[in-house]
Amino acid sequence: MSSFSTTYRVRRDDLVRYAGASRDFNPIHYSDRIAMAMGLPGVIAHGMLTMALAARAVGEWAGGPDRVTSFTVRFTSMVVVPDDDEGVDVVLAGEAGEPDEAGLVPVTVTATCQGEAVLGKATALVRDAPSR
Amino acid sequence: MGLDDLVGQELTAPGEYEVSRGKVREFAAAIGEASPLCSDVEAARAAGYTDLVAPATFAVIPAFLGLGEVMGRIGAPLQRQVHGEQGFIHHRPIVAGDVLTTTATAERIRNVGGNLFVTVSCRVSDASGEPVTTARSVVVVRGEGA
């Protein structure tokens, strides 16, 4: 399999859990008041949470989280997380390219939320990738 | 110290960051990572690791300790910081029991329309000084008028 697609739901409680786990306590990820004072539409997910979900998706495709040897992303848009029980979906997709001389397989990742690309130029390198 | 003097200066985050099994499990749970490598010590050892394997972006914890040193010198309040880019190159996976040290270098600071674009490279090394992860971040500090 040379491509994958998966959807993760992100809710407010996920942001709280991620803030504690990662020790990233920027208040724009939990306070609507501060987020809006900063000109944001409301509380947004940590870019790093989106990146973590993307890396998880790559690892699940590749056969383990330890297969991801590098990962680079741009945060191109925000994942606005409503204060409700539904949350919001982030759709992750990846497509593997040809292995480099070291046998590492490049995986181009896209992440979209509400139809907008939230990650740009997202590329991982994966070792021992599944053969096609 | 001016921002120009900050560029190129190496800043080492005070203290070491010791990776605990509890933190690896907590981080994995927070991102929904279900691999037994991140939660089951026996599974991690069976795969050839000395202990639990941290998810690929766990490196943000030690990397942000270094980034925080740079942002502290700039005097940027947390809520004005927006993450623009992030990259990790893992020389090996981080495992529980690692004692990590982070050295940060501001590569570039640009003022674009009142917003500061800060590019920071962080070198995360283990107790024997071997490189574990190289992290590169671009953080945008939004100006007061933004």
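Colleague: What makes H4(B) largely enclosed by the rest of the structure?

Modeller: This is a predicted model. In H4(B), 11 of the 15 residues are buried, so the helix is largely enclosed. Among the buried residues are Phe64(B), Leu65(B), Glu69(B) and Met71(B).

Colleague: How do you know that the length of helix H4 of chain B agrees with 1.5 Å a residue?

Modeller: The helix covers residues 60–74, and its 15 residues should span 21 Å. The end C-alpha atoms are 20 Å apart, which agrees. After H4(B) comes Gly75(B), with a positive phi near 80°.

Colleague: Why is Arg23(A) called partly exposed?

Modeller: A residue is buried at 20 or more other C-beta atoms within 10 Å and exposed at 12 or fewer. Arg23(A) has 14 such neighbours, so it counts as partly exposed. Arg23(A) sits in the loop between helices H1 and H2 of chain A, and its phi is positive, near 65°.

Colleague: Which residues have the most contacts inside the largest nonpolar core?

Modeller: Ala54(A) and Val58(A), in a core of 86 residues. Helix H3 of chain A gives the largest share of this core, 11 residues. Beyond its sequence neighbours within four places, Val58(A) is in contact with residues including Val68(A), Val107(A) and Ala124(A).

Conventions
Residues numbered from 1 in each chain as written. Chains lettered and ligands numbered in written order. Predicted model: local features only at pLDDT ≥ 70, side-chain atom pairs only at ≥ 80, totals over all residues. Core = buried A, V, L, I, M, F, W, Y, C linked by C-beta atoms within 7 Å. Helix = DSSP H or I, 4+ residues; strand = E, 2+ residues; numbered from the N terminus. Contact = placed C-beta atoms within 7 Å. Expected span 1.5 Å × (residues − 1).
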